[in-house]
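Q: I'd like to learn how to read a model like this one, feature by feature. Can we go through it together?

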Amino acid sequence: MRVVSGELGGRKLVSPEGTSTRPTTDRAREAVFNALGSAGVLDGAIVADLFAGTGAVGIEAISRGAAHCTFVERDRNALRALEENVDTLDLADRTRIVRSDAMQAAVTLDVDIVFADPPYDFDGWEQFLANVRADFVVAESGRALKEQTGWTTTRSKRYGRAWVSFLERNAE
């Protein structure tokens with residue numbers, strides 16, 4: 001697995017052993033970040049990578065122009081890989097790693113964009129989105145997300161087994 005594009009493009013990322021972490025594919029990351037780049041929402045953005053795993057999504061965001069990323073992960077093996085990736089790519093000054101449950105951490109994060117990639121069987125989207133303070137969420141799931149109260153799905157596309165949806169908070 002590698003950083004797809006941007007200032008860190010081509011750099012290698014490590015993943016933990018086993019199947020508890022399921023990194024977003026290069027193809028999906030490339031498509032998501034091309035769309036975000038076209039929308040002009042990434043340059044200088046403060047982002048959070050929740051259920052971060054290896055940190056591939058947040059690292060891609062930084063590589064493509066985000067100013068800062070907070071990674072939230074609770075799995076020890078994934079945290080070790082994430083810390084190694086941040087250290088190897090010399091990103092400590094542009095990142096923060098939080099060992100916590102993403103559902104709880106979402107309430108505390110004041111960011112522009114949230115990237116959320118929970119386990120594919122995750123069914124707590126409504127509660128999760130109620131906790132999120134950002135107005136823009138990129139959600140990866142094992143199935144197409146149904147419409148969420150208070151949010152508009154502006155994009156939803158399948159990449160292999162994963163569905164990636166862009167959600168924007170409705171104006172109050």
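Q: Let's begin with burial. What percentage of the 172 residues of the protein count as buried?
A: Bear in mind that this is a predicted model. A residue counts as buried under 20% relative accessible area. By that cut-off, 49% of the 172 residues are buried.

Q: And the fold, how do I read that? How many helices and strands are there?
A: Count the elements, then follow their order. Here there are 5 helices and 7 strands. Going along the sequence, the pattern reads α-β-α-β-α-β-α-β-α-β-β-β. The radius of gyration is 14 Å, close to the 16 Å from the globule rule for 172 residues, so the protein is as compact as a globular protein of that length. Along the principal axes, the C-alpha atoms fill a box of roughly 40 × 30 × 30 Å.

Q: What share of the contacts with a separation of 6 or more joins residues 24 or more positions apart?
A: That share is 56% in this protein.

Q: Let's zoom in on a helix. Is helix 2 (residues 56-63) largely enclosed or open?
A: First, a bit of helix geometry. An α-helix has 3.6 residues a turn, so residues three or four places apart point the same way. Now the case at hand: helix 2 has 8 of its 8 residues buried, so it is largely enclosed by the rest of the structure. Among those buried residues are Val57, Ile59, Glu60 and Ile62.

Q: Which elements do the buried residues of helix 2 pack against?
A: The partners are helix 1 (26-39) and helix 3, together with strand 1 (46-50), strand 2 (68-73), strand 3 (95-99) and strand 4 (113-116). Just after helix 2 comes Gly65, with a positive phi of about 125 degrees.

Q: Helix 3 is on that list. Where is Asn85, and is it buried or exposed?
A: Asn85 sits in helix 3, which spans residues 76-88. Its relative accessible area is 2%, so Asn85 is buried. For a polar side chain like that, check what its polar atoms can reach. One polar atom of the Asn85 side chain lies 3.0 Å from the backbone oxygen of Thr54. Setting aside neighbours within four places in sequence, Asn85 is in contact with Leu13, Val14, Thr54 and Ile59. One of these, Ile59, is a buried residue of helix 2.

Q: One more loop residue, please. Where does Asp117 lie, and how far is its C-alpha atom from that of Gly44?
A: Asp117 is in the loop between strand 4 and helix 5 (125-131). With 14% relative accessibility, Asp117 counts as buried. The C-alpha atoms of Asp117 and Gly44 are 22 Å apart, and the two residues are separated by 73 residues along the chain.

Conventions. Residues numbered from 1 in each chain as written. Predicted model: local features only at pLDDT ≥ 70, side-chain atom pairs only at ≥ 80, totals over all residues. Heavy atoms only, no water. Helix = DSSP H or I, 4+ residues; strand = E, 2+ residues; numbered from the N terminus. Rg over C-alpha atoms; globule rule 2.2 N^0.38 Å. Buried < 20%, exposed > 50% of the residue type's maximum accessible area, 1.4 Å probe, protein only. Contact = heavy atoms within 4.5 Å. Polar contact = N/O pair within 3.5 Å; in protein donor to acceptor, adjacent residues only side chain to side chain.
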